[in-house]
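Try each task before reading its solution.

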Amino acid sequence: MAESGPETGEELDPSATELVERLVGFGHALRNEGLPVGADDVVTFCCAVSELTPSDLEDVYWSGRTTLVHRRDHLPLYDEVFRRYFLGHAAPTGAEPSAAEQIAQGQSGMLNVPDSEPGTESGDDRPMVLGRQASGVEIRRDKRFAECTPVELAALRRIMAQVRLEPPRRRTRRRRRDPSGARLDIRRMARDAMRLSHAAPVLHRLTRAERARPLVLILDVSGSMADHSRNLLQFAYSMRRAAQKVEVFCFGTRLTRITPALDRRKPDDAMKLAAERVLDWDGGTQIGASLHSFIRRWGRKGLSRGATVIICSDGLDRGEPAALASAMERLSRLCHRIVWMNPLASDDVETLPNTLGMMAAGPFIDSLESGHDLASLERFARRLPHVG
């Protein structure tokens with residue numbers, strides 16, 4: 001089982017072999033403590049973990065609890081063995097991993113280091129160990145991405161994956177019940193009056209219903225954005241996970257839609273697939289031509305209608321400023337608001353960066369944001385519900 005796949009017979013990579021051996025060892029540990037765990041139960045346990053996230057301790061816990069425990073009175077012993085095997089210490093009987101004390105964001109992380117993270121070792125050489133461990137990396141949220149080490153960038157991306165994002169909302173034509181609404185629900189009041197006869201009617205009120213406003217992210221992945229593009233792509237993945245009406249595009253010299261690539265449960269798989277689809281990564285910059293391509297292929301067909309468009313770029317354009325100004329003008333007529341996130345902008349974002357592209361696009365920008373460090377991205381996440 002540790003040398004080949006159970007069905008295909010193909011050889012497993014070293015990390016997968018170590019994972020299988022560790023899961024099988026957990027089954028042996030349960031059996032040594034007296035639990036009736038058979039070989040078929042262990043195979044089912046391994047299959048269940050492979051369908052979830054092996055680096056997530058809670059996924060491993062619930063997979064084992066579902067497949068390896070057959071009686072309720074075995075749960076305390078299962079919890080004790082699980083904590084001793086994966087965490088290295090015993091815990092009070094009956095407590096579940098989810099009830100354990102949470103570790104601070106800046107000092108915790110999954111031990112499954114993704115292939116897309118920078119580092120000197122390849123994905124096959126990195127050890128895979130289940131569970132959580134403390135990290136010695138000191139996280140500074142105000143440190144620019146360009147100044148961070150590869151280890152710090154990896155830790156920052158893990159934190160960005162946990163950032164809570166709430167998209168802006170818009171009022172619809174539909175109405176919903178609201179005791180403090182400004183409009184009376186005449187139909188409901190009439191039905192109540194006919195049913196209650198001589199009883200005093202109750203005032204029912206309505207208000208406009210709301211729904212999430214569509215978001216469109218257009219990310220610059222050219223060479224001048226090399227220090228920020230992957231972090232902004234991680235931020236776009238978190239935004240895509242928070243709301244379904246989110247479209248993500250990347251551009252350098254051409255525009256590429258990567259929304260389907262981000263629909264993955266594991267962020268590392270999403271980052272790797274998105275990087276494979278973008279052929280002009282770390283190349284030149286054609287902002288105006290890329291925006292014209294977006295308007296022609298997607299914007300005019302309704303994708304940008306009523307949407308908040310977020311352009312993430314430093315404004316260092318190799319194209320014609322007139323083409324960029326024309327594209328921004330057309331885009332401003334199609335969408336609800338245009339937000340420009342520029343890593344060159346200062347924290348106060350009161351003035352536009354002194355680049356030719358920003359001067360051409362400036363008259364059509366509704367809001368300027370900075371995205372050069374984790375703190376600025378977190379501030380933008382808090383302002384996002386009110387931006388659009």
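**Exercise 1: Cysteines**

A search of this predicted model, taken as a whole, turns up 0 disulfides.

Solution. Start with the cut-off: a disulfide needs two cysteine sulfur atoms within 2.5 Å.

**Exercise 2: A helix pair**

Task: describe how helix 7 and helix 8 pack.

Solution. Two packed helices are described by the angle between their axes and the distance between the axes. Helix 7 (residues 229–242) and helix 8 (residues 267–277) meet at an angle of about 120°, and their axes are 11 Å apart. Helix 7 is therefore oblique to helix 8. The crossing of helix 7 past helix 8 is right-handed. Helix 7 contributes L233, Q234 and Y237 to the contact, while helix 8 contributes P267, A270, M271 and A274. Sorted by class, this contact has 6 nonpolar residues, 1 polar and no charged ones.

**Exercise 3: F235**

Task: decide whether F235 is buried or exposed, and list its contacts beyond four places in sequence.

Solution. Begin with location: F235 lies in helix 7. Its relative accessibility is 3%, and buried means under 20%, so F235 counts as buried. Beyond its neighbours within four places in sequence, F235 contacts L165, L377, F380 and A381. Take L377: 142 residues separate F235 and L377 along the chain, yet their C-alpha atoms are 8.0 Å apart.

Technical notes. Residues numbered from 1 in each chain as written. Predicted model: local features only at pLDDT ≥ 70, side-chain atom pairs only at ≥ 80, totals over all residues. Heavy atoms only, no water. Axes fitted to C-alpha atoms, helices over the stretch in contact; angles between N-to-C directions. Helix = DSSP H or I, 4+ residues; strand = E, 2+ residues; numbered from the N terminus. Parallel < 35°, antiparallel > 145°, perpendicular 65-115°, else oblique. Left-handed = near helix turned anticlockwise from the far one by under 90°. Contact = heavy atoms within 4.5 Å. Nonpolar A, V, L, I, M, F, W, Y, C, P; charged D, E, K, R; others polar. Buried < 20%, exposed > 50% of the residue type's maximum accessible area, 1.4 Å probe, protein only.
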